Amino acid sequence: MASDETINGVPVTEEQIAAWAAEAEAGYDVGALKKRGRGRPGRGAEPSQVVALRLTLEELAAIDARAAREGKTRSEVIREALAASAA
């Protein structure tokens, strides 16, 4: 293995690789791994859909400024604007 291999900036040693191999050979608790989940937590009981949206730099700056002013995320500001528009 190359000596400059890193994970999150931390060098990977032959000892670490041997420890990972031993852990894998001993087996993993598949139930615990599945329970852990992946990705961001959902917003509700139903799955959410990711939607791509193209914005100009000015539009994005305005959204980000409002989000910063109100202590919200960019997504929260966009969802609130959509909800107000649909009402």
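The model is predicted.

**Exercise 1. In what order do the elements of the chain run from the N terminus, and what share of the residues is buried?**

Solution. 
- Read from the N terminus: the order is β-β-α-α-α-α.
- Next, take burial. Of the 87 residues in the chain, 5% are buried. The cut-off for buried is under 20% relative accessible area.
- Then take the surface. The chain exposes about 8000 Å². Carbon and sulfur atoms supply 55% of that area.

**Exercise 2. Compare the end-to-end reach of H1 and of H3 with the expected span, and say what follows each helix.**

Solution. 
- Start with H1, residues 14-26. Its 13 residues reach 18 Å from first C-alpha to last. That is close to the 18 Å expected at 1.5 Å a residue.
- Step past its end. Gly-27 follows H1 and has a positive phi, near 100°.
- Move to H3, residues 57-70. It has 14 residues and reaches 20 Å between its first and last C-alpha. The expected value, at 1.5 Å a residue, is 20 Å, and the reach is close to it.
- Check the residue just after H3. Gly-71 takes a positive phi of about 65°.

**Exercise 3. Describe how H3 and H4 cross, and which residues make the contact.**

Solution. 
- Take the axes of H3 and H4 (residues 74-86). They come within 8 Å and cross at roughly 105°.
- Classify the angle. H3 is therefore roughly perpendicular to H4, as the class covers 65 to 115 degrees.
- List the contact. H3 gives Leu-60, Ile-63, Asp-64, Arg-66, Ala-67 and Glu-70. H4 gives Arg-74, Val-77, Ile-78 and Glu-80.
- Sort by class. The contact has five nonpolar, five charged and no polar residues.

**Exercise 4. Which residues does Arg-66 contact, leaving aside its neighbours within four places in sequence?**

Solution. 
- Arg-66 is found in helix H3.
- Val-77 and Glu-80 are in contact with Arg-66.
- Look at one pair. Arg-66 and Val-77 are eleven residues apart in sequence, and their C-alpha atoms are 7.5 Å apart.
- Finish with accessibility. Arg-66 counts as partly exposed because its relative accessibility is 28%.

Terms used. Residues are numbered from 1 along each chain as its sequence is written. This is a predicted model: local features need pLDDT of at least 70, side-chain atom pairs count only at pLDDT 80 or more; totals for chains, interfaces and linings use all residues. Side-chain values use heavy atoms; hydrogens and water are left out. Helices (H or I, at least four residues) and strands (E, at least two) are DSSP runs, numbered from the N terminus. The expected span of a helix is 1.5 Å times one less than its number of residues. Axes are lines fitted to C-alpha atoms, for helices over the stretch in contact, and angles run from 0 to 180 degrees between N-to-C directions. Angles under 35 degrees count as roughly parallel, over 145 as roughly antiparallel, 65 to 115 as roughly perpendicular and the rest as oblique. Contact means heavy atoms within 4.5 Å. Ala, Val, Leu, Ile, Met, Phe, Trp, Tyr, Cys and Pro count as nonpolar, Asp, Glu, Lys and Arg as charged, and the others, Gly among them, as polar. Buried means under 20% relative accessible area, exposed over 50%, partly exposed in between (1.4 Å probe, protein chains only). Accessible areas come from the Shrake-Rupley method with a 1.4 Å probe; for residues, only the protein chains shown count as cover.
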